[in-house]
Amino acid sequence: MDLLIVNGIVLDPSQGICGPFDVGVTEGKIADWFAPGTVQAGLATEVVDAAGCFVVPGLIDLHTHVFERRTALGIKADKVGIRQGVTTLVDAGSTGSRDFPAFLREVVELNQTQVLLWINIASQGLCDGRSELADLSLLKPDETERLIKQFPLIRGIKARMSRSVVKDSGLQPLVMAKRLAQRVGLPVMVHIGNAPPKLGEILDLLDSGDVVTHAFHGKQGGLLDENGQLIPEAVCAMERGVLWDVGHGSSSFSFQTMKRIKELGLSPFSISTDIYCENIRGPVHSLITTMNKYLAMGYPLEDVIAAVTWRPARILGLADELGTLKKDTVADLTILKWIAEPITLVDSEAEQMVGNPYLRAVNTIKSGKVWRHD
Ligand SMILES: [Zn+2]
């Protein structure tokens, strides 16, 4: 064995398992699990001691911006990936078809973290500013379709459906994104924010497996009406299988909204950051900080881990490969430690909440290679 991870508590929601196991890795894949202490450490080239820690599938961040050289907001993938406990990042629309070759060369190939993407339905993505859907002539669905068919790392299509992005284009960008998504059999990730378009009209266009990011923002016109009830279109969307993603960002996550959503008995399907170069300094900081906000609100640990492992993997159509510690899958693992101290957490509305205990990443293992965080 190349690597043996000993003394940890393995928590793998994809298999409903939480218990003490040692995990062996061979040639970048999960080789086997063992009862604690039954394999001699000397049989492995490298040993990681995970005493007092949780060993979980490598974390997946479904909404990030990592096109560092071509977009104003982009950040280096490894900085928010393997250096923060995240083994797979999904860039959410930084690139469209026009700059995709550069994205491949400069981001996908130059980082250790696995980078997948939601391709922007606008051909220029976020490379020429943030009103990318205002000019419908810049949407090039045929070009985008050719890339999707050629490059399996494109897992879906991004459409940012808020006022400052679409200007006078109305719902048309989403209609075009959905048409393409149906042709290629991929989901759409829709960013929501200030109307128009109205959220209800956006939701009515979405199908099972489509993702709404920034779902729990604190702006007007969100999932909740003035009485704190879900708008009817949101209830119908959930019944159809539309999925809620966090996409925290600088202005898109509110404790108030989330607490009410929790009172209604709902959880996010996936927890993601919308991390980029500014909000890494706050209020986002990292995927783990975002997870800590959910733990502080009282969501159970297993639910929070599921929301950053098998559930995003399922959205990506990769549930047999990622977000799981099943044998023969890629050896992507994150080792997390409970820190029994208070931590102050801040949402996008500058509201504070104190968490205690909180999680910290100790090691990240990507394809069997260990990255230590000290
Ligand atoms: Zn974003």
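Strands here are DSSP runs of E, at least two residues, and helices are runs of H or I, at least four, numbered from the N terminus. Two strands pair if DSSP finds at least two bridges between them.

A word on the source. This is a predicted model, where local features need pLDDT of at least 70, side-chain atom pairs count only at pLDDT 80 or more, and totals for chains, interfaces and linings use all residues. Residues are numbered from 1 along each chain as its sequence is written, and side-chain values use heavy atoms, with hydrogens and water left out.

Back to the sheet. Strand 1, residues 3–6, pairs with strand 6 in the parallel sense over four bridges. Val6 has Asp49 in strand 6 as its bridge partner.

Next, the zinc ion. Its protein donors are His63 (NE2), His65 (NE2) and Asp274 (OD), at 2.0 to 2.3 Å; donors are N, O and S atoms within 2.8 Å of the metal (3.2 Å for Na, K and Ca), and with water not among the atoms, sites may look incomplete. His65 lies in the loop between strand 8 and helix 1, and Asp274 in the loop between helix 8 and helix 9, so the pair ties together parts 209 residues apart in sequence. His65 is buried at 3% relative accessibility; buried means under 20% relative accessible area, exposed over 50%, partly exposed in between (1.4 Å probe, protein chains only).

Last, helix 3, residues 141–150. Pro141, Thr144, Glu145, Leu147 and Ile148 are buried, whereas Asp142, Arg146, Lys149 and Gln150, on the other side, are exposed.
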